[in-house]
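Reader: I would like to learn how to read a protein structure, one feature at a time. Where do we begin?

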Amino acid sequence: MTTEILSRTRATTTDTAVVFEAPAEVLSEAEFGVLYARIQQFYAHQMQLFDLHEAERWAGTFTEDAVFDVPTLDEPVRGRVALASNVRRNKSQQERSGERFRHWIGMLDLRPQADGTLHTRCYALVYVTPGQGGSAVHRVCVMEDVLVRSRGKWRTRHRVVTRDDLG
């Protein structure tokens, strides 16, 4: 029965990536491992684009109607245009301050949902390096996402970030 369910819940895209549209308990360990590795790569790519201030490319890792809810902003950012604008603003601020920020994602918990979405929860450490001096942890956060497949790629539909220092 599990084999029958898996054959109905898998699809192959043109880039031969396996798309899982089943809850984790239906996936074999190997299939879940492949999915987990792909999502780790997704986050590595997404965070490097963010840290490099590649505004449009980073915004492209989100859905058109994405919501980005982070406590450093007065209200959630909605949509790719606003997401890209926010990255350009961050770049300008960092150029003025001489600081450089790097984001590290770890402790990823991945939960495939029956509707084909992925719910993730992970820790996000933000390091800051001043113009001169050593790097230090700037913020410790929890990042919770809903990921969806869109045009053959995983994209973030909704992100909520909470900070440990804000309780």
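Author: We begin with a definition: two strands pair if DSSP finds at least two bridges between them. Keep in mind that this is a predicted model. Here six strands form an open sheet of mixed pairing, in the order 4-3-8-7-6-5. Strand 4 (77-78) and strand 5 (100-112) are its edges, since each pairs on one side only.

Reader: What are the elements of the protein, from the N terminus on?

Author: The order is α-β-β-α-α-β-β-α-β-β-β-β. That gives four helices and eight strands.

Reader: How do the strands of a sheet pair?

Author: Strands pair through backbone hydrogen bonds, and the pairing is either parallel or antiparallel. One case in this model is strand 3 (residues 62-69) with strand 4, an antiparallel pair with two bridges. Phe-68 has Val-77 of strand 4 as its bridge partner.

Reader: How many bridges join strand 5 to strand 6?

Author: Strand 5 and strand 6 run antiparallel and are joined by 11 bridges. Within this pair, Trp-104 stands opposite Leu-125 of strand 6. The two strands form a hairpin with five residues between them, and Gly-116 in the turn has a positive phi of about 95°.

Reader: Which residue takes a positive phi in the hairpin of strand 6 and strand 7?

Author: That residue is Gly-133, with a phi near 115°; this hairpin has six residues between its strands. Strand 6 and strand 7 are also antiparallel, with 11 bridges. Cys-122 stands opposite Met-143 of strand 7.

Reader: Which residues have a positive phi although they are not glycine?

Author: His-53 has a positive phi of about 60° without being a glycine. His-53 sits in the loop between helix 2 and helix 3, just after helix 2. Met-107 is not a glycine either, and its positive phi is about 55°. Met-107 belongs to strand 5.

Reader: Is Met-107 buried or exposed?

Author: The cut-off for exposed is over 50% relative accessible area. Met-107 has 65%, so it counts as exposed.

Reader: How many residues does helix 2 have, and what does it span from its first C-alpha to its last?

Author: Helix 2 has 23 residues and spans 33 Å, close to the 33 Å expected at 1.5 Å a residue.

Reader: How should I read the spacing of residues along a helix?

Author: An α-helix has 3.6 residues a turn, so residues three or four places apart point the same way. Look then at the buried residues of helix 2, among them Leu-35, Ile-39, Phe-42, Tyr-43 and Gln-46.

Reader: Why does Phe-42 count as buried?

Author: Phe-42 is buried because its relative accessible area is 11%, and the cut-off for buried is under 20%. Leaving aside neighbours within four places in sequence, Phe-42 is in contact with Thr-61, Leu-147, Trp-154, Arg-155 and Thr-156. Phe-42 and Thr-156 are 114 residues apart in sequence, yet their C-alpha atoms are 9.9 Å apart.

Reader: What can be said of nonpolar side chains in general?

Author: In soluble globular proteins, nonpolar side chains tend to be buried together. In this model the largest nonpolar core has 30 residues, and Ile-39, Tyr-43, Trp-58 and Leu-83 have the most contacts inside it. Helix 2 gives the largest share of this core, seven residues.

Reader: Which residues is Leu-83 in contact with, leaving aside its neighbours within four places in sequence?

Author: They are Trp-58, Ala-59, Phe-62, Ala-66, Phe-68 and Val-77.

Reader: What share of the whole protein is buried?

Author: Of the 167 residues, 40% are buried. The accessible surface comes to about 9,700 Å², and 50% of it belongs to carbon and sulfur atoms.

Methods
Residues numbered from 1 in each chain as written. Predicted model: local features only at pLDDT ≥ 70, side-chain atom pairs only at ≥ 80, totals over all residues. Heavy atoms only, no water. Buried < 20%, exposed > 50% of the residue type's maximum accessible area, 1.4 Å probe, protein only. Areas by Shrake-Rupley, 256 points an atom, 1.4 Å probe, with all protein chains shown as cover. Expected span 1.5 Å × (residues − 1). Core = buried A, V, L, I, M, F, W, Y, C linked by side-chain atoms within 4.5 Å. Contact = heavy atoms within 4.5 Å.
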